[in-house]
Amino acid sequence: MTLEARTVYFDNPGGENTEATLGIAKKRAEELGIKTIVVASTKGYTAVQAMDVFQGYKVIIVSHVTGFYEPNLQQFKPEHRGIVESKGGIIITAAHAFAGLSRAMRLKYNMYLLGEIVADTLRIFGQGTKVACEIALMATDSGLVRSGEDVIAIGGTGWGADTALVVRAANTHRFFDLRVMEVLCKPLL
């Protein structure tokens with residue numbers, strides 16, 4: 001069997017591509033019958049936009065951990081949390097799959113461990129690709145996505161969304177079972 005699929009490449013990375021990314025992802029979800037959408041959102045702006053686009057879907061929002069930039073600070077805005085939850089979205093706040101202890105070791109001892117190396121390797125395809133893979137793992141680890149389930153994972157570079165992938169989900173401890181099935185869109189750079 002041969003499949004031909006379309007990939008959209010954006011001239012620049014970042015939030016200016018959010019609306020287009022969400023639209024591309026929705027169109028492909030409809031075509032493939034995928035009902036689960038996993039979206040990265042730091043402060044909640046992208047999450048709110050995703051909830052408007054993906055009405056009727058299972059939408060899982062993955063936020064930064066509390067304390068990502070400074071101790072005890074949760075960046076996801078309470079007003080955005082309220083909107084997402086009122087529209088049926090689910091928010092996960094958990095340790096990043098590729099960071100966790102690896103980042104702690106880098107920050108304290110200037111050592112790079114496996115998680116950071118995997119993250120940097122995925123970044124050669126773009127920051128959003130790394131994010132999309134990571135949030136798919138985190139959603140599976142949370143039990144909200146079944147291992148082996150095809151989902152659309154949406155990530156970005158800096159802020160907003162600029163990358164959408166069709167991913168066959170896996171748990172973090174089975175990382176090498178994760179499959180990027182399709183690249184729907186991503187920045188050229």
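Me: How many salt bridges does a search of the whole structure find?
Reply: The search finds 9. A salt bridge here is a side-chain nitrogen of Lys or Arg within 4 Å of a carboxyl oxygen of Asp or Glu. This is a predicted model, where local features need pLDDT of at least 70 and side-chain atom pairs count only at pLDDT 80 or more, while totals for chains, interfaces and linings use all residues. Residues are numbered from 1 along each chain as its sequence is written, and side-chain values use heavy atoms, with hydrogens and water left out.

Me: Which residue does Glu30 form a salt bridge with?
Reply: Its partner is Lys26, and the closest N and O atoms are 3.9 Å apart. Both lie in helix α1, 4 residues apart, about one turn of the helix. Helices (H or I, at least four residues) and strands (E, at least two) are DSSP runs, numbered from the N terminus.

Me: What about Lys87, where does its salt bridge go?
Reply: The side chain of Lys87 meets that of Asp52, at 2.4 Å from N to O. This pair links distant parts of the chain, since Lys87 is in the loop between α3 and β4 and Asp52 is in helix α2, 35 residues apart. Lys87 is partly exposed at 42% relative accessible area, and Asp52 is partly exposed at 40%.

Me: Which residues are joined into one network?
Reply: Salt bridges that share partners join Lys27, Arg28, Glu31 and Glu182. Within that group, Lys27 and Glu31 meet at 3.5 Å, N to O.

Me: Switching to strands. How many residues of β3 are buried?
Reply: In β3 (residues 58–63), 5 of the 6 residues are buried, so the strand is mostly covered.

Me: And which sense does β3 pair in with β2?
Reply: Strand β2 (residues 36–40) and β3 pair in the parallel sense over 5 bridges; two strands count as paired if DSSP finds at least two bridges between them. Val39 stands opposite Ile61 in β3. The chain gets from β2 to β3 through helix α2 (residues 45–53), in a right-handed β-α-β crossover. Right-handed means that, with the strands pointing away from the viewer, the path from the first strand over the helix to the second runs clockwise.

Me: What is the bridge partner of Ile61 in β4?
Reply: In β4 the partner is Ile91. β3 and β4 (residues 90–93) pair in the parallel sense over 4 bridges. With helix α3 (residues 78–86), these two strands make a right-handed β-α-β unit.

Me: What covers the buried residues of α2?
Reply: The cover includes α1 (18–32), β2, β3 and α3. The buried residues themselves are Thr46, Ala47, Val48, Ala50 and Met51.

Me: Where is His96?
Reply: His96 is in the loop between β4 and α4 (100–109). It counts as buried, at 14% relative accessibility. Not counting residues up to four places away in sequence, His96 touches His64, Val65, Phe68, Glu134 and Met138, where contact means heavy atoms within 4.5 Å.

Key: Buried means under 20% relative accessible area, exposed over 50%, partly exposed in between (1.4 Å probe, protein chains only).
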